[in-house]
Each structure stands twice: as structure tokens, then as C-alpha cells.
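Biologist: I have a structure open and would like to go through it with you. Could you put it up?

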Amino acid sequence: MSVKAVRGAVQLEQDTAPAMADAVQRLVSSLVKSNKADPDRIISLIFSQTTDLCSENPARALRRFGYSQVPLFCTSEPTYPDSLPKTLRVLMTFETDGDEPVSPVYLDGARRLRPDLSEERG
């Protein structure tokens with residue numbers, strides 16, 4: 001067994017609680033699927049969000065999708081010139097028996113952050 005960490009990000013179109021809930025669910029589901037991770041073996045998820053996202057806490061939103069036993073942490077990102085607005089990032093740490101490399105996930109407008117790692121995902 002090994003411990004791996006993988007990053008992901010999604011850009012929201014609007015700052016609303018439903019938009020955050022949808023973005024969190026899509027992002028975490030995509031990370032789990034892309035990395036063949038067992039949700040029961042997720043060690044923790046750390047979220048960061050740009051300061052223009054304040055309508056919903058991503059951890060609270062994710063708990064509605066059944067992640068009630070996973071340690072979750074949220075933080076606000078500093079504002080930098082030319083930073084991508086309305087962006088949610090996540091770092092997922094998980095245990096795995098596989099030796100495949102991790103597969104980062106960048107959805108919607110966040111694909112611009114890492115075009116070298118992005119591919120079309122649902």
C-alpha cells in the first residue's frame with residue numbers, strides 16, 4: 001500500500017451555493033474516478049478557493065455527498081495579479097494498492113491553469 005496526493009481545480013461560473021455544491025461534487029468525483037481511488041481510503045481533502053467565492057463552504061457542500069468521515073479543510077487563497085477568478089482547488093491524499101501515477105483533474109475554465117495536465121473530462 002502507498003499514499004498518494006493529487007491536485008485538481010474547477011472554475012465556477014457564479015458564486016452561489018448550488019454552483020459550489022455542483023463544482024465540489026464534480027471535481028471530487030472526477031479525481032476519485034481518474035485515480036481509481038476508493039472513497040473509503042481517502043485520507044484528507046484540502047480545499048482552497050479564491051476570495052470571490054464566499055456563498056458556500058466547499059467542505060460543507062461535499063459532506064452532503066457522503067464524505068462525512070473524511071477530514072476536510074478549507075482555506076482562502078491570497079489575491080494575486082492575473083489569478084483565475086472563481087476558482088476552487090483541491091489536494092486529495094489517499095491510500096492505494098496501485099502503482100499508477102496520479103492523474104490531476106482540471107475542469108471547466110481551470111484547464112487554463114495546467115494545460116499540460118488537462119484533458120477533456122466530463
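Biologist: Is R89 buried, partly exposed or exposed?

Modeller: R89 is partly exposed, because its relative accessible area is 25%. Buried means under 20% relative accessible area, exposed over 50%, and partly exposed in between, with a 1.4 Å probe and protein chains only. This is a predicted model, where local features need pLDDT of at least 70 and side-chain atom pairs count only at pLDDT 80 or more, while totals for chains, interfaces and linings use all residues. Residues are numbered from 1 along each chain as its sequence is written, and side-chain values use heavy atoms, with hydrogens and water left out.

Biologist: Which side chain does R89 meet in a salt bridge?

Modeller: That of E77, at 2.7 Å from N to O. The pair links distant parts of the chain, twelve residues apart: E77 is in the loop between β3 and β4, and R89 is in strand β4. A salt bridge is a side-chain nitrogen of Lys or Arg within 4 Å of a carboxyl oxygen of Asp or Glu. Helices (H or I, at least four residues) and strands (E, at least two) are DSSP runs, numbered from the N terminus.

Biologist: And E77, buried or exposed?

Modeller: E77 counts as buried because its relative accessible area is 14%.

Biologist: How many salt bridges are there in the whole structure?

Modeller: The search finds six. Another one joins the side chains of E56 and R64, at 2.6 Å from N to O. E56 is buried at 7% relative accessible area, whereas R64 is exposed at 52%.

Biologist: What about R26, which residue does it form a salt bridge with?

Modeller: With D22, the closest N and O atoms being 3.2 Å apart. Both R26 and D22 lie in helix α1, four residues apart, which is about one turn of the helix. R26 is partly exposed at 21%, and D22 is partly exposed at 41%.

Biologist: Why can such side chains pair?

Modeller: Side chains of opposite charge can pair when their charged atoms come close.

Biologist: Back to α1. How many residues does it have?

Modeller: α1 has 18 residues and spans 26 Å from its first C-alpha to its last, close to the 26 Å expected at 1.5 Å a residue. The expected span is 1.5 Å times one less than the number of residues.

Biologist: What do its buried residues pack against?

Modeller: The buried residues of α1 pack against β1, β2, α2, β4 and β5. Among the buried ones are A19, L27 and L31.

Biologist: Where is N35?

Modeller: N35 is in the loop between α1 and β2. N35 is buried, with a relative accessible area of 10%. A polar atom of the N35 side chain lies 2.9 Å from the backbone oxygen of L31, and the side chain also reaches the backbone nitrogen of S103 at 2.6 Å. These are polar contacts: pairs of N or O atoms within 3.5 Å, where within protein one must be able to donate a hydrogen and the other to accept it, and residues adjacent in sequence count only if both atoms are side-chain atoms.

Biologist: New topic, T50. Which residue's backbone nitrogen lies 3.0 Å from a polar atom of its side chain?

Modeller: That of T87. T50 sits in the loop between β2 and α2 and is buried at 9% relative accessibility. Setting aside neighbours within four places in sequence, T50 is in contact (heavy atoms within 4.5 Å) with residues including E77, T87 and R89.
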